[in-house]
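Dear colleague,

Please find below the structure I promised to hand over, together with its sequence. My notes on helix packing and charged pairs follow it.

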Amino acid sequence: MDALSPRFLDTEGRLKVFPSKRKDRLAALLFLASRFEPGRRYAEIEVNDLLYAAHAFADPCLLRRELYNHHLLDRERNGSAYWVPAEPPAWITEGEACHD
């Protein structure tokens, strides 16, 4: 997986837009996922706070949902807690394209 292009970051190093191209979008999700500590459980408000600090377009709900849908974050069914899965998703380890 390629690293996130600097053109998607503002001067403070935050994601300034959510890319539309799949390759760039996946790189952006990996960039965001790197903000989370494996083995730690996060309340939804903590996830939102981390995402607000890492992006500039004020849509943590979209980013939280995308991280979950792409298996970069897991959560309790009721959304009360989030965490980094123990195993990385197959699309990372096998170099496969992720589903949308």
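In what follows, a residue is called buried under 20% relative accessible area, exposed over 50%, and partly exposed in between, with a 1.4 Å probe and protein chains only. Please bear in mind that this is a predicted model, in which local features need pLDDT of at least 70 and side-chain atom pairs count only at pLDDT 80 or more, while totals for chains, interfaces and linings use all residues. Residues are numbered from 1 along each chain as its sequence is written, and side-chain values use heavy atoms, with hydrogens and water left out.

I begin with helix α2, residues 44–54, where helices (H or I, at least four residues) and strands (E, at least two) are DSSP runs numbered from the N terminus. Its buried residues are V47, N48, L51 and A54. Seen down the axis of α2, these fall within an arc of 130° and so line one face of the helix, the arc being that of the directions from the helix axis to the C-beta atoms. The buried residues of α2 pack against α1 (22–33), α3 (60–69) and β2 (82–83), contact meaning heavy atoms within 4.5 Å.

Turning to the charged pairs, the structure holds 6 salt bridges, each defined as a side-chain nitrogen of Lys or Arg within 4 Å of a carboxyl oxygen of Asp or Glu. One of them joins R64 to E44, with the closest N and O atoms 3.9 Å apart. This pair links distant parts of the chain, since R64 lies in helix α3 and E44 in helix α2, 20 residues apart. R64 is buried, at 12% relative accessible area, whereas E44, at 32%, is partly exposed.

A further salt bridge connects R41 with E76, whose closest N and O atoms are 2.5 Å apart. Here too distant parts of the chain are linked, with R41 in the loop between α1 and α2 and E76 in the loop between β1 (74–75) and β2, 35 residues apart. Both count as partly exposed, R41 at 47% relative accessibility and E76 at 30%.

Finally, D10 pairs with R14 in a salt bridge with the closest N and O atoms 2.8 Å apart, and D10, E12 and R14 are linked in a network of salt bridges. D10 is buried, with a relative accessible area of 18%, while R14, at 24%, counts as partly exposed.
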